[in-house]
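Thank you for sending this model. My comments are set out as numbered points, and the coordinates to which they refer are shown here.

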Amino acid sequence: MAVIKIFLVAVIVKVVLAAPQFNPRDAPIVVLENDFNGVEPWHWRFETGNGIRQEQFGTEGDGVRLRGSFSWQPPDAGGATYSVTYEADENGYRPKVSFGTGPVAVRPPPLPRPTKPTLQQAVAIIGSNAALTLVG
């Protein structure tokens with residue numbers, strides 16, 4: 001009788017551990033289109049449940065030409081949508097970026113320009129006990 005109880009408990013534990021683990025950060029794909037079958041022009045797009053969208057059109061005739069966009073809604077942007085539209089061809093990649101379109105316009109602050117440290121600052125950072133090792 002004890003063996004049956006142990007077996008049943010083991011089966012229940014195995015079923016519980018084998019159940020799919022759902023992460024609230026996972027986003028289901030709500031739209032998926034793919035017309036990429038080797039015949040030009042091609043097109044694909046997808047949208048997820050958390051607001052991520054991506055779409056691309058292209059041809060490969062006398063040179064690859066792409067046009068597309070992607071957008072997302074960062075959780076800390078108050079519902080604002082960030083988006084990038086782009087074109088790429090023989091003239092290069094040309095993106096156009098849009099920050100914070102939607103209910104709240106959020107634009108990240110510009111990054112500070114890096115400065116080169118002086119020798120005195122480098123010595124202060126490294127320390128006076130730094131040793132130089134040559135490996136041949």
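1. Basis of the note. This is a predicted model, in which local features need pLDDT of at least 70 and side-chain atom pairs count only at pLDDT 80 or more, while totals for chains, interfaces and linings use all residues. Residues are numbered from 1 along each chain as its sequence is written, and side-chain values use heavy atoms, with hydrogens and water left out.

2. Overall architecture. The protein has two helices and six strands, which follow one another along the sequence as α-β-β-β-β-β-β-α; helices (H or I, at least four residues) and strands (E, at least two) are DSSP runs, numbered from the N terminus. Of its 136 residues, 14% count as buried, where buried means under 20% relative accessible area, exposed over 50% and partly exposed in between, with a 1.4 Å probe and protein chains only. Among the contacts with a separation of 6 or more, 10% come from residues 24 or more positions apart, a contact being heavy atoms within 4.5 Å.

3. Aromatic pairs. The structure holds five aromatic pairs; rings of Phe, Tyr and Trp (its six-membered ring) pair if their centres lie within 6.5 Å, and planes under 30 degrees apart count as stacked, over 60 as edge-to-face and the rest as tilted. One of the five pairs joins W44 and F46, and this pair is stacked because the ring centres are 6.3 Å apart and the planes lie at 5 degrees. W44 is partly exposed at 22% relative accessible area, and F46 is partly exposed at 22%. The pair of F70 and Y86 also has its centres 6.3 Å apart, but the planes are at 50 degrees, so this pair is tilted.

4. Which residues do ring pairs link into a cluster? They are F70, W72, Y82, Y86 and Y93. Within this group, F70 is partly exposed at 28% relative accessibility, whereas Y86 is buried at 8%. Elsewhere, the charged end of R67 sits over the ring of F57, 4.7 Å from its centre, a description that requires NZ of Lys or CZ of Arg within 6 Å of the ring centre and within 35 degrees of the ring normal.

5. Strand β6. P95 lies in strand β6 (residues 92-101) and is partly exposed at 41% relative accessibility. Leaving aside neighbours within four places in sequence, P95 is in contact with V84, T85 and Y86, and its C-alpha atom is 5.7 Å from that of T85, ten residues apart along the chain. V97, also in strand β6, is exposed at 51%; with neighbours within four places again left aside, V97 is in contact with S83 and V84.

6. Surface. The protein exposes about 11500 Å², of which carbon and sulfur atoms supply 63%; accessible areas come from the Shrake-Rupley method with a 1.4 Å probe, and for residues only the protein chains shown count as cover. F7, in helix α1 (residues 2-18), is exposed at 54% relative accessible area.
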